[in-house]
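Here is a short note for a colleague who is new to this structure. Please read it beside the sequence and the 3D view.

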Amino acid sequence: MDKFVITGGTALQGEIPTNGSKNSALPALAAALLTEEPVILHRIPHVRDIRTMQRLLIDIGSNAEVDGETVRLETARVVCPEAPYELVKTMRASSLVLGPLVARCGRARVSLPGGCAIGARPINLHIFGLEQLGARINQTHGYIEAEAPDGLRGAVVHFDRITVTGTEDLMMAAVLAKGETVLRNAACEPEVVDLAGLLVSMGAQIEGAGTSTIRIQGVERLRGAEHTIIPDRIEAGTFLIAGAITGGDLSVTGCNPEHLGALVSKLQQAGVDVTQQDATTLRVRGGGRIRSVDMTTEEYPGFATDLQAQYMALMTQAEGIAIVMETIFENRFMHAQELARMGANIRLEGRQAIIAGPRELTGAGVIASDLRASASLVLGALVARGETVIDRVYHIDRGYEKIEAKLARVGAKIRRVD
Ligand code: EPU
């Protein structure tokens, strides 16, 4: 199992590029199941979750060709409309094939995901939505079996709570349903908007993506399309925090500053200098005093839960007390104990973490527990005195492409060891 060995204390300097968004690429790949024609996707990041999704699509019947950051998928025929436990347990986003498969071939069999390090993460809302569209659902032997032999029909689906992949799954189911579907209390995340853009270029009729009400008029069939995935706002945000925490001068290129508004505002309130250099570059200059600023995670355009762990690492270096409240997932504080092992002063009280700073962090052996928690440990290690060894970095490989190479290029002392 790979580890990262990081020696902290270097201010990061220079330009660091952003990849395409993992969480946008995953539903886009699943959307290729909706047509027998080729779907060509550009700016697909080379991360483990994407490889898992490609493997799943190939098992289902897609032909996949990868050329650099471009993936061409063609699903002339669905051979096996199934997502097995072996894949779903390693990547919960596998449930994104449920909607497209029922829409395309009237049936799907998808493993229930089970628990996860950051929370229970059920898919009851995906199931509820498909039922509203007329699918019959049967739950047996740990699998969801969905059937709609005569096709899905449009309906109003009011989500009890906002779900990102649930909104995406239902949008993909509804594009081929008969009549109109209205998704209410839908997720407004940029990844939902990106997926809607792809589906529209495949011939779907969708209005309102990016707002809480999405209207979809079903069409008979979809065609192939070519689409470029949006920049990864969580990767870009992680790099902005890396610049801030190390007191560096880092330009994060190839990002979409509009998608990073909540983080940039928090960084500025904390006294970090963040400026937009051009349409796709944000420059962060640290080095001054960092102030503690409370933060609560929210759905977009609020502060992303996927940046909470990284923000907590920054707050260990801030003056005063910061209260970080996690409202999206019930168990997303696994990094707190590991940061504490490095010297952070963090108290957990239910969904709140109370961080008293600044505290000098010192290198230690720590364990990555999930994708974003691992990123926060890398950030802590970059500012810690001495050497940190982060174990189980396969978690970080799920969502960050060659993070050690990117950080090393801007001065970080980081290496991967087997
Ligand atoms: N929820 C339910 N029932 C459902 C679906 C969700 O109760 O059927 C609950 C969840 O348990 C959670 C909340 O609703 O408490 C929000 O979950 P959501 O469904 O929005 O999460 P997701 O779609 O499974 C995506 C991202 C996550 C990101 C969340 C929240 C992808 C592939 N994953 O997950 O990304 O944290 O939205 O923004 O898009 C990551 O990249 O590290 C990651 C975990």
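**Notes on the predicted model**

1. Strand 19 (residues 320–325) and strand 21 (residues 352–357) pair in the antiparallel sense, joined by six bridges. Strands count as paired if DSSP finds at least two bridges between them. Helices (H or I, at least four residues) and strands (E, at least two) are DSSP runs, numbered from the N terminus. Within this pairing, Met-325 has Gln-352 of strand 21 as its bridge partner.

2. This is a predicted model, in which local features need pLDDT of at least 70 and side-chain atom pairs count only at pLDDT 80 or more, while totals for chains, interfaces and linings use all residues. Residues are numbered from 1 along each chain as its sequence is written, and side-chain values use heavy atoms, with hydrogens and water left out.

3. Strand 21 is also joined to strand 20, by five bridges, and these two strands run antiparallel. Here Gln-352 of strand 21 is the bridge partner of Glu-349. The hairpin of strand 20 and strand 21 has two residues between the strands, and Gly-350 takes a positive phi near 60° there.

4. What is the order of the strands in the open sheet? Four strands form it, in the order 18-19-21-20, and the pairing is mixed. Strand 18 (295–296) and strand 20 (345–349) are at the edges with a single partner strand each, so one side of each has no neighbour in the sheet.

5. Two cis peptide bonds deserve a look. One runs from Tyr-300 to Pro-301, with omega near 10°; Pro-301 is in the loop between strand 18 and helix 10 (308–315). Another joins Gly-357 and Pro-358, with omega about -5°; Pro-358 is in the loop between strand 21 and strand 22 (365–367).

6. The domain assignment of the protein chain gives domain 1 (3–18 + 231–417) and domain 2 (22–228); such bounds come from an automatic or database assignment. The C-alpha centres of the two domains lie 31 Å apart. In contact (heavy atoms within 4.5 Å) are 26 residues of domain 1 and 20 residues of domain 2. The area buried between the domains is about 1,900 Å², with 46% of this from carbon and sulfur atoms. Buried area is the accessible area (1.4 Å probe) that two parts lose on being put together, summed over both.

7. How many salt bridges does the rule find across the interface of domain 1 and domain 2? There are two, a salt bridge being a side-chain nitrogen of Lys or Arg within 4 Å of a carboxyl oxygen of Asp or Glu. Elements that give two or more residues to the side of domain 1 that touches domain 2 are helix 12 (371–383) and helix 13 (394–397).

8. The structure holds 20 salt bridges. One of them is formed by the side chains of Glu-36 and Arg-221 (3.3 Å, N to O). Glu-36 is in the loop between helix 1 (22–31) and strand 3 (39–42), and Arg-221 in the loop between strand 13 (213–217) and strand 14 (225–228), so the pair ties together parts that are 185 residues apart in sequence. Asp-49 and Arg-398 also form a salt bridge, with the closest N and O atoms 2.9 Å apart.

9. Arg-43 has a positive phi of about 60° although it is not a glycine. Arg-43 is in the loop between strand 3 and helix 2 (48–60).
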